[in-house]
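Work through the exercises below with the sequence and the model at hand. Each task is followed by a solution in steps.

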Amino acid sequence: MLWGKICFGVKLSVTHEQIVAVVTDIVTGELGLAADSVASATDLRSIEGADSVKVLRMISRIERHFDIELEDEDVFGISSVHDIALVVAKVLTPDPS
Amino acid sequence: MVTGTLHDALDRVAAHGRDTRVDFPSEPASITLGELADSTRVMARSLAAAGIGPGSRVGIFSQNAPEFLQALFAITRTGAAACPLPLPTAAWDLAGHAHRLARIVSVAGIRDVVVSSRFRGLASRFDGAVGNVAFVCAGDLLAAAPASGRLPLVDAAEMAIVQFTSGSTAAPKGVRLTHANTLAGIEAISEGIALGRDGDGGGSWLPLFHDMGLFATLSAILRNVPMTVWSPASFVKDPARWLRQFLASGATISPAPNFGYDQLVAAMPPLEVAGLDMRHWRVAFNGAEPVALASVERFLEHFAPAGFAPEAMFPVYGMAEATLAVTFPPLGRPPVSVWVDRDLLANAGRVWQVPPGHPHARAVVAVGRPVRGVDLRLSGPDAGRLPVDDQQVGEIEICGDPVTSGYLLAEGTDDDTFTADGWLRTGDLGFRLDGDVFVTGRTKEMIIVHGANFYPEDVEGIARDIPGVFKRRCVAVAGRTHDSDRDGGRDGRGKGADGSDGDGAEVITLLAETSLDDPAARDRLAGDLRAQITGTLGLSDLAVHLVPPSTLPRTSSGKFQRLAIREQSWKSPL
């Protein structure tokens, strides 16, 4: 179990690899694919059946998992598990400024 | 005859409905009609001071938020026309979207775009790719307005809105709507559903840049009816949560394309339906894409325990060219449908009723009668375009006060939309039975997915340049799967399109020649084609068939034989 939630006011750190693992799990689950069939860099739009509705559903599940909200403007232009993981990491990592 | 302008109508309604609200729960934000009227006068002075006035066309680039509506009315107050611009969706290639916007900006002659504060950052990422336009923030226009300044008197015959929902990405067509058109269209919608009854409220998750989302919202506003506008993402991400919010908002009227009703059925578990109260939902517009009887029946059955009234399901036919509404069913009538022979309909344009279980039976849902102010006729395909009789399919032609007088077009494009006697050819096919209009297909090569229009030529334009495609040879065809395909394979993908006679999902099928033999390389090419095309166009899905070199049939002059390819593409899955 991964933790991205706020505990005692501090966001526990999650590594990029951990985020990638969760995102991959959700993406392949939504598309009904084997977990090892989607590499981090795979362009999701190249997968048959990965329509825009499914992409939004994936994002919704990712949001629920990490208890975060991804803004529309953050998810425009994303095309791979790697891209999604970067957006999630950006929201999970407290802004140093 | 309706007179005046959109903003006059807003001022009139705001005078007695100052506190009526338009809510945007996904923002969250809210604006009253009084605030909308006042703020748009201020914003208009800013725009006028920047040189915007009669003859200008100004883009709106905003999510569903008060700023969208403020920009719209502020622009029309200056005498300029408002051009709602499409927003990208998740996983949509930004460069591709910028290119699409650039075509629209060029065709419409847009120099200024009002952008919401939330989209200002995204607009800056376009970095000149949209053309020579200035993005101005709605908030800045409000803050920096001159204290005084005269606004022009705007004539009802001036262009108010240019709606870019028709036409391909390569050759966009902007539907020109005057103030008189839009007010007549809103009048037609309002009368058709008796909008403004006690307790009425509107609710929509459609994008405001989409004609159905825009005119549904404007109808509520100009009839002093409270309106709630969600973001499209909030619906798509969690339809069940949206439905609960919609029902709790007290709204009685909502528009959605057919697929939205499928989503609600799939998202709401049967055990939870009885806990809902849907009795107050009195008009559920089902439009913007073909209405499927199976979807309608599933929805009525699924939500019957919650008290959803069958007569609330309201299958309609409309288009931006008519300021939305063309035909509505009589208010209070449950959906009506007929079963006709699919083959006679497709091959002979003949309407022949058959029992539902007949092997060639195809269901068509009635979309009602022409709304107030719209005349409708059906014309035959022959050169004479003679009127067709009641048992025959014809092209639907319309005219009337809400109907556009023409398009803004790319230079060098001809407008063949109007007949010699001034009727607009819709490109849709249909028939009439017992006073009802039934829409059966299209003469134009276009598909509608989730309420948005897509054209094969745009698909080909992208596919040709992708490495691995043999000598740029590819053809895209539009069509619909048979319902039987959908039942078997859920969406019939891989079976291809069958022309206009199916009644299942709408698909674009791309056939591309390639000399690649290696299965992995072929998979990669198919994946590249799908990724590039869906990413650039925002098309939700695409069927790709790879064929050997020099197999797509061509005419002696080297042109692809589209019709032959279209037939072949579904008869022999490749």
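**Exercise 1.** Which kind of contact do the side chains of Glu397(B) and Arg377(B) form, and where do the two residues lie?

Solution. In this predicted model, take the N to O distance, which is 2.7 Å. The cut-off for a salt bridge is 4 Å, and the pair forms a salt bridge. Next, locate the partners: Glu397(B) is in strand S20 (residues 394-400) of chain B, and Arg377(B) is in strand S19 of chain B. They are 20 residues apart, and the pair links distant parts of the chain. Last, check accessibility. Glu397(B) has 0% relative accessibility and counts as buried, while Arg377(B), at 24%, counts as partly exposed.

**Exercise 2.** Are Arg442(B) and Glu506(B) buried or exposed, and which parts of the chain do they tie together?

Solution. The two side chains meet in a salt bridge with an N to O distance of 2.9 Å. Arg442(B) belongs to strand S23 (residues 436-442) of chain B and Glu506(B) to strand S27 (residues 506-513) of chain B, so the pair ties together parts 64 residues apart in sequence. Both Arg442(B) and Glu506(B) are buried.

**Exercise 3.** Where do Glu187(B) and Arg372(B) lie?

Solution. The closest N and O atoms of this salt bridge are 3.9 Å apart. Glu187(B) sits in helix H7 (residues 179-192) of chain B, and Arg372(B) in the loop between strand S18 (369-370) and strand S19 (374-379) of chain B. The separation is 185 residues. Glu187(B) is partly exposed at 23% relative accessible area, and Arg372(B) is partly exposed at 43% relative accessibility.

Definitions and conventions. Residues are numbered from 1 along each chain as its sequence is written. Chains are lettered from A and ligands numbered from 1 in the order in which they are written. This is a predicted model: local features need pLDDT of at least 70, side-chain atom pairs count only at pLDDT 80 or more; totals for chains, interfaces and linings use all residues. Side-chain values use heavy atoms; hydrogens and water are left out. Helices (H or I, at least four residues) and strands (E, at least two) are DSSP runs, numbered from the N terminus. Buried means under 20% relative accessible area, exposed over 50%, partly exposed in between (1.4 Å probe, protein chains only).
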